[in-house]
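The entries follow in the order in which I made them.

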Amino acid sequence: MHADLPQFDMPADEQVDLAAESFRMLADPTRIKVLWALLQGESSVACLAELAGAAPTAVSQHLAKLRLAGLVTGRREGTFVYYSAANDHVRSLLSQALFHADHVDRDIPADSVAQHAHRPLPAGGTR
């Protein structure tokens, strides 16, 4: 049936698996808060913990998982590590997720440009 559709295409299994892993990493409110903060500039674990309302040890564990998934990077300066979002793909992914959440939560039509509860990210927030 679908094979008869012109231009029909399915992603490769490996691509699907990697995308699913990225979504799994975003399936936690603390990780979303941490990534949102990192999209606005690099930060330390202590600062991220305060912003996310979580213990520094928990945030550190979340950051380790996000780093392994390729969503954040770390830069060591002496004994401190400063984290940042890996790239603009992370910005797009998280922005779209929050945009979708606004529309689902507030029953806003998908094509509406209504005001959103979250603020847009400042341009150039990542390296």
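**Entry 1: a pair of helices**

I began with helix α2 (residues 29–38) and helix α3 (residues 45–52), whose axes come within 9 Å and cross at roughly 120 degrees. I took axes as lines fitted to C-alpha atoms, for helices over the stretch in contact, with angles running from 0 to 180 degrees between N-to-C directions. Helices (H or I, at least four residues) and strands (E, at least two) are DSSP runs, numbered from the N terminus. α2 and α3 are therefore oblique to each other, given that angles under 35 degrees count as roughly parallel, over 145 as roughly antiparallel, 65 to 115 as roughly perpendicular and the rest as oblique.

Which residues make the contact of α2 with α3? On the α2 side I listed Thr30, Lys33, Val34, Ala37 and Leu38, and on the α3 side Leu48, Leu51 and Ala52, where contact means heavy atoms within 4.5 Å. By class, the residues of this contact divide into 6 nonpolar, 1 polar and 1 charged; Ala, Val, Leu, Ile, Met, Phe, Trp, Tyr, Cys and Pro count as nonpolar, Asp, Glu, Lys and Arg as charged, and the others, Gly among them, as polar.

**Entry 2: how the model is read**

I noted that this is a predicted model, in which local features need pLDDT of at least 70 and side-chain atom pairs count only at pLDDT 80 or more, while totals for chains, interfaces and linings use all residues. Residues are numbered from 1 along each chain as its sequence is written, and side-chain values use heavy atoms, with hydrogens and water left out.

**Entry 3: the whole chain**

I found 5 helices and 2 strands in the protein chain, and along the sequence they follow the pattern α-α-α-α-β-β-α. Of its 127 residues, 29% count as buried, where buried means under 20% relative accessible area, exposed over 50% and partly exposed in between (1.4 Å probe, protein chains only). Among contacts between residues at least 6 apart in sequence, 53% join residues at least 24 apart.

**Entry 4: salt bridges**

How many salt bridges are there? I recorded 4, a salt bridge being a side-chain nitrogen of Lys or Arg within 4 Å of a carboxyl oxygen of Asp or Glu.

In helix α1 (residues 13–25), arginine 24 and glutamate 21 lie 3 residues apart, about one turn of the helix, and the closest N and O atoms of their salt bridge are 3.0 Å apart. Arginine 24 is partly exposed at 48% relative accessibility, and glutamate 21 is partly exposed with 30%.

Glutamate 42 and arginine 75 form another salt bridge, with the closest N and O atoms 2.4 Å apart. This pair links distant parts of the chain, 33 residues apart, with glutamate 42 in the loop between α2 and α3 and arginine 75 in strand β1 (residues 72–77). I also saw that Glu42, Arg75 and Glu77 are linked in a network of salt bridges.

In helix α5 (residues 88–105), arginine 91 and aspartate 88 are 3 residues apart, and their closest N and O atoms are 3.4 Å apart. Arginine 91 counts as buried at 14% relative accessibility, whereas aspartate 88 is partly exposed with 47%.

**Entry 5: a histidine**

Is histidine 62 buried or exposed? Histidine 62, which lies in helix α4 (residues 56–68), counts as buried at 14% relative accessibility. Leaving aside its neighbours within four places in sequence, I found histidine 62 in contact with Asp28, Thr30 and Arg31.
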